[in-house]
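Please look over the model shown below, and then read the following report on a few of its local features.

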Amino acid sequence: MHQKRKKTEPQPEVEKEIIEVKGFWGRLIKGCVTNFINTLQGWGSILLIPALLEAVDTQQTKLTMDQQLLILALLYGVAKLIGRVLSVFLLKYVSFRILQPLLSVIIASCYLSLIFLDHSLVITVVAMGIANMCFCVTRCELTLMEFDKHYFGTERLVLGAGVMSGCAMMGAAVGAIVASFLSSHQAVMVTFVLSCIQVVTFCFITER
């Protein structure tokens, strides 16, 4: 016996969601500036922290290799892990316009403290630890922003995400160059100035 084939009814086409936003290029510029500075802070600290510890080592306290590795583990691993965990709650319960400028002010304050107290071991560890935690929270927010259709709109979402990602890569490269070829004090000053620019830019992002 031949089994009767069931006729498949054509499924209705799903309408594509179209979201249009005003001021796309202004949104893109603000997103690129914050993404550039954020990755500069993060990747620059990878090379900047050993230089700061070396400055402390030559001026005051003689750090053993084990002590330096422990400090690096705390600043790179533990501080950033805490930042990732905090981002889950902070991004959910605190609005963008309050949280991100506040985090940027904290990061700028950390680098400002290093300008005046750059040979203090305690200040160096505490300041860079707090800065790395804040960096991770902001990093999570900016990653979400890159692919936010309500921020860039559906028509230009790919363009916005691509350009923001490219600026992040440039920031990582510039951060590494600044930390490598400038003295630790000069690198801290450059990062502080850029952090201040980040504060202002976040204040002008009203679309999130």
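Setting aside neighbours within four places in sequence, Met133 makes contact with Ala79, Ile82 and Gly83. In this predicted model, Met133 lies in helix 4, which covers residues 121-146, and the C-alpha atom of Met133 is separated by 5.1 Å from that of Lys80, although the two residues are 53 residues apart along the chain. Because its relative accessibility is 22%, Met133 counts as partly exposed.

| Feature | Value |
|---|---|
| Angle between helix 3 (residues 96-116) and helix 7 (residues 184-204) | about 160° |
| Distance between the axes of helix 3 and helix 7 | 8 Å |

With an angle of about 160°, helix 3 and helix 7 are therefore roughly antiparallel to each other, the cut-off for that term being over 145 degrees. Their crossing is left-handed. The residues that make the contact include Phe96, Gln100, Ser104, Ile107, Ala108 and Tyr111 of helix 3, and, from helix 7, among others, His185, Val188, Phe192, Ser195, Val199 and Phe202.

Helix 3 itself has 21 residues and reaches 31 Å from its first C-alpha to its last, which is close to the 30 Å expected at 1.5 Å a residue. Among the buried residues of helix 3 are Phe96, Gln100, Ser104, Ile107, Ala108 and Tyr111, and these residues also take part in the contact with helix 7.

Methods. Residues are numbered from 1 along each chain as its sequence is written. This is a predicted model: local features need pLDDT of at least 70, side-chain atom pairs count only at pLDDT 80 or more; totals for chains, interfaces and linings use all residues. Side-chain values use heavy atoms; hydrogens and water are left out. Axes are lines fitted to C-alpha atoms, for helices over the stretch in contact, and angles run from 0 to 180 degrees between N-to-C directions. Helices (H or I, at least four residues) and strands (E, at least two) are DSSP runs, numbered from the N terminus. Angles under 35 degrees count as roughly parallel, over 145 as roughly antiparallel, 65 to 115 as roughly perpendicular and the rest as oblique. A crossing is left-handed if the near helix is turned anticlockwise from the far one by less than a right angle, and right-handed if clockwise. Contact means heavy atoms within 4.5 Å. The expected span of a helix is 1.5 Å times one less than its number of residues. Buried means under 20% relative accessible area, exposed over 50%, partly exposed in between (1.4 Å probe, protein chains only).
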